Amino acid sequence: METAAKEELSFLQGIKDCVPTLLGYISIGFAAGMIGVASGLTVLEIAFMSIFVYAGAAQFIICGMLATASPASAIIFTTFIVNLRHFLLSATLAPHFTKYSVWKNAGIGALVTDESFGVAAGRIFNNKPINDRWMNGLNLTAYITWIASCVVGAVLGKWVSEPEKFGLDFALTAMFAALLILQMESVKASKLKHYVMLILLMVAAMYILSFFVSVDLAVIFATVIVATVGVVTDK
Amino acid sequence: MSVNITILLIIIGCAVVTLIPRLAPFLIVRNIKLPEAVMKWLSFIPVCILTALIVGSVIESGDDSFPGINWQVLFALIPTLVIAIWTKSLLITVIFGIIVMAVLRNFM
């Protein structure tokens, strides 16, 4: 771990560190583009959506709601709820970027995703440094790949009738599973039991909360509750 | 290639509500020093939220009050987790997960 501290934190290193996550963006982007076309959107509209909204799960939901002709207010409100978790991701990353300008912070914040957060949090967790250039390399690689994948998916979507058959949508869950395991890798042996307890508590909290609220809200509530339990039970 | 103005407005609305939670912490934290306890709380967020996202993909929120379990996702998830622990590789895990799910959907 000591040797890692010397590794240079360039824009290029950020691009390199993004590479393992790209297959996730590509497969989910393909699926999002295909579903967009199936929901009656044009390729250009799908491109705009991936450029401006830039959020996998939310784009699926927007397409689904557009297909069922939901009112605009309902679509926008649902998107807000689904993407509210980014607040927690940004809040975790933001303290590490305070020395940079407002615009730089805005640029980094605007492109925070579950995956780029996972990679960056992995470094923070391991007490490795992160900086603006590295984060921009990571973020921009993911962003460009996402837009391109959505557009390609939309173009291909005209020929593929059942995108689910390829299992591409599961790439997202598989990626979260890998990111979680990689996070756990860096947990000290003495803290491992504590973290396993918190994970089991999360599973229970998610299931119980799902009786009362939507899964997206359950993600936020369960995380807030269990992270608090984590602080209280930490020795 | 065309853009429907209503859809464009919906996309812009969705973009704004997505941007707010992403940006707010980056613009707020600059001006205040976060207490130790908050920093500690934030250190638990990655593991918690990743677990939440995984569990969320297994839970099926039906229209009735009982949340169901998506057994297909659960069956694909278990070997995927094993591969993740075994290989510690993001890329291998994702490829493996996609293949497992494709097999489950096409042959089971």
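## The interface between the chains

In this predicted model, the contact between the two chains draws on 70 residues from chain B and 93 residues from chain A. Together, chain B and chain A bury about 7,300 Å², and 80% of this area lies on carbon and sulfur atoms. Of the area that chain B buries against chain A, Arg22(B), Phe26(B) and Leu90(B) supply 11%, which is more than any other three residues provide.

## Salt bridges and polar contacts

Between chain B and chain A there are two salt bridges. A salt bridge joins the side chain of Lys40(B) to that of Asp234(A), with a distance of 2.7 Å from N to O. Across the interface of chain B and chain A, ten residue pairs are in polar contact, counting pairs in which both residues have a pLDDT of 80 or more.

## The side of chain B that touches chain A

Which elements of chain B give two or more residues to the side that touches chain A? They are helix 1 (5-28), helix 2 (36-58), helix 3 (71-87) and helix 4 (90-107) of chain B. Helix 2 of chain B gives the most to this side, with 20 residues. Sorted by class, the side of chain B that touches chain A has 50 nonpolar, 15 polar and five charged residues.

## Confidence in chain A

The average pLDDT of chain A is 88, and 95% of its residues score at least 70. Over residues 1-5 of chain A, however, the pLDDT is below 50, and this stretch has two contacts in the model beyond near neighbours in sequence. Where pLDDT is low, the predicted coordinates should not be read in detail.

Notes
Residues numbered from 1 in each chain as written. Chains lettered and ligands numbered in written order. Heavy atoms only, no water. pLDDT = per-residue confidence, 0-100. Contact = heavy atoms within 4.5 Å. Buried area = accessible area lost by both parts, 1.4 Å probe. Salt bridge = Lys/Arg side-chain N within 4 Å of Asp/Glu carboxyl O. Polar contact = N/O pair within 3.5 Å; in protein donor to acceptor, adjacent residues only side chain to side chain. Helix = DSSP H or I, 4+ residues; strand = E, 2+ residues; numbered from the N terminus. Nonpolar A, V, L, I, M, F, W, Y, C, P; charged D, E, K, R; others polar.
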